[in-house]
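Please consult the sequence and the coordinates while reading.

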Amino acid sequence: MSAQSAQSLIAGMFRSRPTRTLQPVHRHSRHAGDRELDLWRRYNTFSKSEHNARMRAVEQYDRETKKPGKRNGALGYIALEIMRFMLRLRGKRGGRLDPSLKWLADQLHRSRSAIAAALARLKQHGFLDWVRRTRLVDDPARPEQYVEQISNAYFFGLPKGAADLVRRMLRRPSEEQQRRSDEAARATRAATTSPTAIIAGVTDPALRATLAGLDHVLRSANPLNGLNRPCGDKE
């Protein structure tokens, strides 16, 4: 071994190893901003009337799942408190909703364990879900970046029964009714729109020219009642 190699080996033995940050990070966490903005817009932005309908649906679900002799339904009183609070807390434009567990516990004057258990019940029954998040930390005292856990991003959901109830309260058509309405509208447009107008709406020039040529051939063809009779036919 050369002198230079020996020096490199010794230097490596005494080089300080990077220490672990020991930050508790949950598995399957995402960096902040990766996904939650789209989820907030998609699931947390709705009208005030739907806001009220959703809360009524949650309360009715808890009543309907209450067993004889039990004090609460499948969700429980604390879960109803959380749902009411979260609906008011959501951002009205972008739907942002990312309170920390400790902050929720402080605001509702409940223990963190009670809040966590109620959130789990809301998730289990389809009324709430969340994305765990992390963020990069730049620490001047450390040469490398590391991540730390931050508050979850929450978004609302509706199980089928509750979704049907919200739809009825808002007088919205069901999926089947909407499908039939769309089919009827398409059939009406097809019956009242001329072939020329349909062809004019085709964006592909080659396809539009082909369809126009076929339309011209069909228009210029003799109708069946206008065909000449074969020779020899009698009146």
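Helices (H or I, at least four residues) and strands (E, at least two) are DSSP runs, numbered from the N terminus. The model is a predicted one, in which local features need pLDDT of at least 70 and side-chain atom pairs count only at pLDDT 80 or more, whereas totals for chains, interfaces and linings use all residues. Residue numbers start from 1 along each chain as its sequence is written, and side-chain values use heavy atoms, with hydrogens and water left out.

Charged pairs come first. Side chains of opposite charge can pair when their charged atoms come close. A salt bridge is taken here as a side-chain nitrogen of Lys or Arg within 4 Å of a carboxyl oxygen of Asp or Glu, and by this rule the count is 11 salt bridges.

One of them joins Arg-54 to Glu-50, with an N to O distance of 3.1 Å. Both residues belong to helix α3 (residues 48-64), and because they are 4 residues apart, about one helical turn separates them. Buried denotes under 20% relative accessible area, exposed over 50%, and partly exposed the range in between (1.4 Å probe, protein chains only). Arg-54 is buried at a relative accessible area of 9%, and Glu-50 is likewise buried at 10%.

A second salt bridge connects Asp-98 and Arg-133 at 3.2 Å, N to O. This pair links distant parts of the chain, 35 residues apart: Asp-98 lies in the loop between α4 (77-89) and α5 (101-108), and Arg-133 in strand β2 (residues 128-137). Asp-98 and Arg-133 are both buried.

Within helix α5, Asp-106 and Lys-102 stand 4 residues apart, about one turn of the helix, and their side chains form a salt bridge of 3.0 Å, N to O. Here Asp-106 is partly exposed, at 42% relative accessible area, and Lys-102 is partly exposed at 48%. Elsewhere, salt bridges with shared partners unite Glu-36, Arg-96, Asp-98 and Arg-133 in one network.

The nonpolar side chains follow. A nonpolar core is a set of buried Ala, Val, Leu, Ile, Met, Phe, Trp, Tyr and Cys residues joined through side-chain atoms within 4.5 Å. The largest such core has 32 residues, and those with the most contacts inside it include Ile-82, Met-86, Leu-119 and Phe-156. At least two core residues come from each of α3, α4, α5, α6 (112-124), β2, β3 (146-156) and α7 (160-169); α4 gives the most, with 8 residues. Beyond its neighbours within four places in sequence, Met-86 is in contact (heavy atoms within 4.5 Å) with residues including Leu-97, Pro-99, Leu-119, Tyr-154 and Phe-156.
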